[in-house]
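Let's take a walk through this protein together. Have the sequence and the 3D view open side by side as you read.

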Amino acid sequence: TLFLFSGYLTLAKPFKKENITLKIPNLEIEKNLKNISVTWFKNTIKASKTIKYLVDHQLENFKADFLNVVLNSLSYYDVPSDYGENFYHAFVMGFLYSGSHNFIIKSNRESGYGRYYLILKPKNKDIKYAYIIEFKAIENGNFEETVEKAFKQIEEKNYILEVKDYDVTKIVIVFKGKECLIETRK
């Protein structure tokens, strides 16, 4: 509401009571919002430590740090149930991007037979690991079942094509509000 009334967002389509579509009105404001977001992530979350865990392939430390950030910085009300995957996608992309000088982070790109959420591809030859990150909102109240569905999607859609020349780890983040389960596989 604040962004709408202050002019940082405008209506993209005519107003409808049930559905309001907003947009960023121009490139200057878009640049400003990106700078604000990156600054917030840098000052609030300390993403560089989390990125370091991925550079060093310390996956248990990455999981613990990520879950700690979610627990301590998000509200259950931040994650709308109907757009949760998009929320987590944007949150994680900003979280990782703000501290990344080591990875090229690609979002929502086609690879194989589908479109992945995030891929982290090494920027230099010293880093041997690449990551495919998939997000899923919990289905049928079952975290483990949803995790399996996400890994199956990564395999069937062949997302690995984008990073096949690296040692690839697949990361699945399944969530229900602030509750998360993170699983990793080769």
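Start in helix 4 (residues 59-73), where glutamate 60 and lysine 63 both sit, three residues apart, or about one turn of the helix. Helices here are DSSP runs of H or I with at least four residues, strands are E runs of at least two, and both are numbered from the N terminus. The two side chains form a salt bridge, with their closest N and O atoms 3.1 Å apart. To count as a salt bridge, a side-chain nitrogen of Lys or Arg has to be within 4 Å of a carboxyl oxygen of Asp or Glu. Side chains of opposite charge can pair when their charged atoms come close.

Glutamate 60 counts as exposed at 56% relative accessibility, while lysine 63 counts as buried at 12%. The cut-offs are under 20% relative accessible area for buried, over 50% for exposed and in between for partly exposed, using a 1.4 Å probe and protein chains only.

Before going on, a word on what you're looking at: this is a predicted model, so local features need pLDDT of at least 70 and side-chain atom pairs count only at pLDDT 80 or more, while totals for chains, interfaces and linings use all residues. Residues are numbered from 1 along each chain as its sequence is written, and side-chain values use heavy atoms, with hydrogens and water left out.

**The whole protein**

Zoom out and you'll find six helices and nine strands. Buried residues make up 40% of the 186 residues. Of the contacts with a separation of 6 or more, 54% are between residues 24 or more positions apart; a contact here means heavy atoms within 4.5 Å.

**Around helix 6**

Next, find helix 6 (residues 143-157). Its 15 residues reach 21 Å from first C-alpha to last, close to the 21 Å expected at 1.5 Å a residue; that expected span is 1.5 Å times one less than the number of residues. Which residues of helix 6 are buried? They are Phe143, Thr146, Val147, Ala150, Phe151, Gln153 and Ile154. Seen down the helix axis, the buried residues fall within an arc of 150 degrees, so they line one face of helix 6. That arc is taken from the directions from the helix axis to the C-beta atoms. They pack against strand 7 (129-137), strand 8 (167-176) and strand 9 (179-185). On the other side of helix 6, Glu144 and Glu156 are exposed.

Asparagine 142 caps the N-terminal end of helix 6, with a side-chain oxygen 3.1 Å from the backbone nitrogen of glutamate 144. After the helix comes asparagine 158, with a positive phi near 60 degrees.

**More salt bridges**

The whole structure has nine salt bridges. In one of them, glutamate 162 pairs with lysine 106, the closest N and O atoms being 2.8 Å apart. Glutamate 162 lies in the loop between helix 6 and strand 8 and lysine 106 in strand 3 (residues 103-107), so this pair ties together parts that are 56 residues apart in sequence. Glutamate 162 is buried, with a relative accessible area of 19%.

Lysine 136 and glutamate 134 also meet in a salt bridge, at 3.9 Å from N to O. Lysine 136 is buried at 9% relative accessible area, and glutamate 134 counts as buried at 1%.

How values were computed:
Polar contact = N/O pair within 3.5 Å; in protein donor to acceptor, adjacent residues only side chain to side chain.
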